[in-house]
Amino acid sequence: MSRRLAASSATILFALPLVAAAMAKRPHYGGTLRVEIGAAVASLEPSTTPANPEETAARTEIDSLIYESRDADGTFSGAQGSGPFRISDWQPAKELTLAANEKFSGGRPYVDAIEIAMNRAAKDRLLDLELNKTDFAKIAPQDARHAAERGVRVSTSQPDELIALIFSAGSADKTTDAVREAVSAAIDRSAIANFILQKTGEPAGGLLPQWISGTEFLFAPLATPADGTAKAKELLGQNSSVPKLVLGYDSADPLAQAIAERIAVNAKEAGISITTQALPQGAAARSASLMQTDAVIARIGISSAQPGIALSNVLATAATITEVDASPLPSNANAQDVLDRERAVMKTHRIVPLDWVPQVYGLSARVRDWKPPAPGETWPFADVWLDPVPQASQ
Amino acid sequence: MPQAWNDALGALADKIAGTVSPSHPVALAVKNISSLDPGDVEAVRAGLEAKLAQHHFRVTRSATAETQLDVTLSESSSSYLWVAEIRAKENEGDEPEIAVVSVAKSSGAAGASTGATLAIQKTLVWQQSTKFLDFHETAPADGSGETLAVLEPSRIAIYSQTAGKWDLDHEAPIAQKAPWPRDVRGNFGDASGAAVLAMISGVTCTGSAAKGAQLACAGTPLTGDAAKASLIPGRETGEAALLKSKCGDAQVALASGNADWTQHDTIRGYLLRKKSATASGAALDLDGPVLSLTADGDGEARAIVLNLKTGNYEGYRVAATCGE
């Protein structure tokens, strides 16, 4: 084909020995990956509907391992077992064992099997990581620092979950633009990041993180809590009567509760009365619950690293709670289109970004080539391998 | 300055011109919060000033100018974003108008490192989002135009160059019965005329890369667990390639680091004398793991790198130059 190509005929003779020159770096085949999850997955049949968001998320992860392809709408297609793994043992809501699919078109996974223990509480998962009884488990962001201090190997994604205060559609009569902006200004986002999230998170200004949009710096919160309180008072000075607000949170989410209570304290300093109210699990976005509250703490996962898609999905989620322009951005939306929509929504102060949090995973020392999935991706267990001689640290 | 940057600056100047009148001086301030180096920042500033001049703006650094133009050079994971906040004095107190343009990050710039003896330089030849194993550039003697052959697990893609841009010309499928291993690797071997030899995970694949042709493979693929000998004494991990060049009395070799495939990597030069290997010169930093390193022409190797920032697989020519 070419001079350069011909010249390489000799090099191939010693290029081949390179295949295994890297004994420690190149993947090792074999072993069983032990995984613990909090969800109790009751069924893997596509026709069944998961009971809660946690089970939905777990089903997505499992489906990604046993189905070969994923459709544009996020659902998996093909035959069960066509993916990198097939089901070898299944005890609903308790344990799932997957075996490597030797004929997987993308290449056989490195591990022989995955054992997934379900319905494991967060504290039990953490303990098992510490005791090396599991290789992989998700950790709540607020527990990440504590876990690392206790010797757990922690892997953290880019910040890809937005914690936001969203004013409900029913609150329109009570909350004027000025009241909503005052609440936003009064919130000390750095305190939430530093104390509640134990520094595993960062203050949010916009609806997309800086690493996705590149423009979040334009929405930076006020520099100091004192500035925020002063700004809130200034805004409310124009209001003759400040309404008393009710802020709801998911009763099963201790992080949302802690944040809601912190916001109530911040608001009080600015002269705004906020009472917090626990809502039934998973009900924070249901209209029946929203009738009782003026705002809720919502956790919105970023579904794509593409700014236009990510913003459309954030707004679609928010639109289940509040009135917001959630029309999808066109597929060819450019940076200006995305920014213009984000600014327009931010000006309403109906969605108040609070903090960004990452996904946090605990890993055993023998897990290699684990990479936290990007938004829209699933756990890449087919690429993970187990080091027969684990490194002390990586 | 890359053409894409020039185009983006033109678009940004157009947007600014659509917002404020050029009849008054504009105070331009440029702030960099991206990973661009100072040289690039200055180039962007100069480029923007030139584009604004084409719109008859008079750019000044005076704070008394009628219009303040604060340009922030920002970035996302995939693009540079240049954001102009435009404030007219007559609308003081109002929110600024904001114009933004984005330009895809390019890894096309050559990176270089120099050392006491060996200087290593990389040149990006090809990148794509899907896995590829090797590449070869071709410059026919008849001057009929350069082509680039890209070896993927299931095909050889042949690209031809038009106006500095590679376009897919055709592809030759690679027929293989069993799936390749997950850590599939391979490289081009000999070729004469249209005949091609590729080695993929220990399997020999032969055939033609001509239009309508295909390659057939025979054998059982090897996995990375297959035992091998080390090329560089004392370095049993990572990728390595013995080059055909010498530096003084020493054989030149290149080797990657030994982290796993989730981490950044380096390529470092080594001088081999008898049974010893000495690291020489500064290491070349890369944005992801080196998946393969294959000796090429004199003093050169081909490296395949998975860029962890962009997710792209990248093919580099890596040259090692012997200095004093």
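Tutor: Let's start with strands: two of them pair if DSSP finds at least two bridges between them. Helices (H or I, at least four residues) and strands (E, at least two) are DSSP runs, numbered from the N terminus.

Student: And what kind of model am I looking at?

Tutor: A predicted one, where local features need pLDDT of at least 70 and side-chain atom pairs count only at pLDDT 80 or more, while totals for chains, interfaces and linings use all residues. Residues are numbered from 1 along each chain as its sequence is written, and chains are lettered from A and ligands numbered from 1 in the order in which they are written.

Student: In what order do the strands of the open sheet in chain A come?

Tutor: Follow β10-β14-β9-β13-β11-β12, 6 strands with mixed pairing. β10 (202-203) and β12 (274-279) of chain A are at the edges with a single partner strand each, so each has one side without a neighbour in the sheet.

Student: How many bridges join β11 to β12 in chain A?

Tutor: Strand β11 (residues 245-250) of chain A is joined to β12(A) by 6 bridges, and the two run parallel.

Student: Which strands does helix α10 of chain A touch?

Tutor: Contact here means C-beta atoms, placed from the backbone, within 7 Å. Helix α10 (residues 254-269) of chain A packs on the sheet and touches β9 (161-167), β11, β12, β13 (295-301) and β14 of chain A. Its direction makes about 165 degrees with that of β12(A). Angles run from 0 to 180 degrees between N-to-C directions, with axes fitted to C-alpha atoms, for helices over the stretch in contact. Another helix, α7 (residues 189-196) of chain A, lies across β10 and β14 (351-357) of chain A, at about 30 degrees to β14(A).

Student: How do I describe two helices packed on each other?

Tutor: Use the angle between their axes and the distance between the axes. Helix α6 (residues 177-186) and helix α9 (residues 225-236) of chain A have axes that come within 7 Å and cross at roughly 165 degrees. That makes α6(A) roughly antiparallel to α9(A); the labels are roughly parallel under 35 degrees, roughly antiparallel over 145, roughly perpendicular from 65 to 115, and oblique for the rest.

Student: Which residues of α6(A) meet α9(A)?

Tutor: A:Ala178, A:Glu181, A:Ala182, A:Ala185 and A:Ala186 do, and among their partners in α9(A) are A:Gly228, A:Leu235 and A:Leu236.

Student: At what angle do α12 and α13 of chain A cross?

Tutor: Helix α12 (residues 307-318) and helix α13 (residues 335-348) of chain A cross at roughly 25 degrees, their axes coming within 10 Å. These two are therefore roughly parallel to each other. In that contact, residues of α12(A) including A:Leu311 and A:Leu315 meet residues of α13(A) including A:Val338 and A:Val345.

Student: Into which domains is chain A divided?

Tutor: Domain 1 (26-157 + 359-386) and domain 2 (161-357), with bounds from an automatic or database domain assignment. Their C-alpha centres are 31 Å apart, and 11 residues of domain 1 of chain A are in contact with 15 residues of domain 2 of chain A.

Student: How far apart are the domain centres in chain B?

Tutor: There, domain 1 (3-104) and domain 2 (111-322) have C-alpha centres 41 Å apart.

Student: What do β16(B) and β17(B) form?

Tutor: A hairpin with 2 residues between the strands, where B:Gly248 in the turn has a positive phi of about 65 degrees. Strands β16 (residues 240-247) and β17 (residues 250-256) of chain B run antiparallel, joined by 5 bridges, and B:Ala240 stands opposite B:Ala255 in β17(B).

Technical notes
Two residues are in contact if their C-beta atoms, placed from the backbone, lie within 7 Å.
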